[in-house]
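Reader: I have a structure on screen. Please show me how to read it, step by step.

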Amino acid sequence: MKHVGVVPIEALAGDALALLEYAPHHVLVALVNGVPCAIEDSCSHAGASLATGHRHGFIVACPLHAYRFDLRTGELLSPRRACAHQRRFEAVVVGDMVHVYDPFTLVVSPVLP
Ligand code: FES
């Protein structure tokens with residue numbers, strides 16, 4: 001797994017949403033009941049930043065068209081099947097920081113003749 005970056009846990013207090021730069025789609029980091037969560041930030045519908053969306057508990061609503069995603073899983077909750085789920089990242093607390101990892105590692109092998 002690739003290490004994406006860290007977010008200070010204090011930056012996630014009070015239901016805050018944090019953006020972690022990870023081109024091209026970046027990562028949205030949050031705490032849900034004290035558990036760190038990380039999903040792709042760019043909305044799968046039309047690319048708006050979910051970090052600027054509206055949060056209600058474990059749900060984040062996109063600021064552009066209000067599609068709602070589960071912060072814990074990246075699942076699109078509504079409208080159902082209107083677009084893809086958000087990709088989920090691994091997030092763990094170490095000390096006073098949330099570390100985020102990309103579980104998907106693309107391995108490109110050279111094409112052999
Ligand atoms: S860009 Fe997010 S719902 Fe349309």
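Predicted model: local features only at pLDDT ≥ 70, side-chain atom pairs only at ≥ 80, totals over all residues.

Reader: How many helices and strands does the protein have?

Author: Helices (H or I, at least four residues) and strands (E, at least two) are DSSP runs, numbered from the N terminus. The protein has 0 helices and 10 strands.

Reader: How do strands make a sheet?

Author: Strands of a sheet pair through backbone hydrogen bonds, either parallel or antiparallel. Two strands count as paired if DSSP finds at least two bridges between them. Here, 4 strands form an open sheet, in the order S5-S6-S7-S8, with antiparallel pairing.

Reader: Which are the edge strands?

Author: Strand S5 (54–56) and strand S8 (76–78); each pairs on one side only.

Reader: How many bridges join S5 to strand S6?

Author: There are 3 bridges between S5 and S6 (residues 59–61), and the two run antiparallel. His56 stands opposite Ile59 in S6.

Reader: What does the radius of gyration tell me?

Author: It is taken over C-alpha atoms, and the globule rule is 2.2 Å times the number of residues to the power 0.38. For 113 residues, a compact globule would have a radius near 13 Å; the protein has 15 Å, which agrees. Its C-alpha atoms fill a box of roughly 55 × 40 × 20 Å, taken along the principal axes.

How values were computed
Residues numbered from 1 in each chain as written.
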